[in-house]
Amino acid sequence: HHFQYFNIQSLDIIQNPRSAEETVAFQRAVGNSPLRIWELTNTRYLLGLASTIEILNEKFDLQLRRFRLHTGFDLSQERADSPILVRTNSTGPYGILEFAGALPRVKLYPRWEISTNGAATLARLADPRFEPAQTVLVGSELPAPPAAGATNQNGGVVEFSHYSPKRIQLKAKAEVPSVLLINDKFDPHWRVSVDGRPETLLRCNFIMRGVFLQPGEHQVEFRFQ
């Protein structure tokens, strides 16, 4: 409830009695690997026991070891009827655990693949050889990406200028033609505009959304209507 109140974005779903079919299909395809689902859904922070850092690295990320302790904390209470308070403590038993392999919340991709078949897209996302930090899968027709040599460069920078659950504004500077991926769930009721002009909402990585940008500086707005 605090997460919702403070607009904290979270993978945890508070109420979802009838899951959408695409959500169920996505979870079945990639949910067997916590590493892959946290990577694709921008789940960078976990709350848990600080002692689980090594367990997470050993079990899920043995080679890269991208889990680390971001902030340790403990809980304190003066009296039995007092509030339970959180106190940062580097040696505390609990921690905010950081997974450095999570995709950014928003990212510009100069490299994309067209994948309009849902089953094939899910299989590609679940494939350990697929590198989602380098390529985004788009479920709509787009122009071909730049030549292979050009895709090695950075697509550009993008940052939030406003965030609320139904209205998101971004400032983007694309160096080359790019797909702006926002790791937030796709729904056809979202509308997107670029520099005040309506654009086509893209379905990316099966369950996320995005928009195509030409090179230059842009004001991008996603609005749920």
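Me: What volume does the second largest pocket have?
Reply: This is a predicted model, in which local features need pLDDT of at least 70 and side-chain atom pairs count only at pLDDT 80 or more, while totals for chains, interfaces and linings use all residues. Residues are numbered from 1 along each chain as its sequence is written, and side-chain values use heavy atoms, without hydrogens and water. A pocket is an open set of points on a 1 Å grid where a 1.4 Å probe fits, with protein on both sides within 12 Å along at least five of seven lines. Taking volume as the space filled by probe spheres set on the points, the second largest pocket has about 330 Å³.

Me: Which residues lie closest to the centre of the second largest pocket?
Reply: The lining (residues with an atom within 4 Å of a point) consists of 17 residues in this pocket. Closest to its centre are Leu 35, Arg 36, Glu 39, Pro 128 and Phe 130.

Me: Which element gives the largest share of the lining of the second largest pocket?
Reply: Helices (H or I, at least four residues) and strands (E, at least two) are DSSP runs. Both α2 and α3 supply at least two residues of this lining. The largest share, three residues, belongs to α3.

Me: How many residues in the lining of the largest pocket are charged?
Reply: The largest pocket has a volume of about 1700 Å³, and of the 40 residues that line this pocket, Gln 9, Ser 10, Leu 11, Asp 12 and Ile 13 are the closest to its centre. Elements that each supply at least two lining residues include α1 (2-5), β10 (178-185) and β14 (208-213). With Asp, Glu, Lys and Arg counted as charged, the lining of the largest pocket divides into 20 nonpolar residues, twelve polar ones and, as charged residues, eight.

Me: Which residue in β4 stands opposite Phe 67?
Reply: Strand β2 (residues 67-76) and strand β4 (residues 94-99) run antiparallel to each other and pair over six bridges. Within β4, the residue that stands opposite Phe 67 is Phe 99.

Methods:
Pairing = 2+ DSSP bridges.
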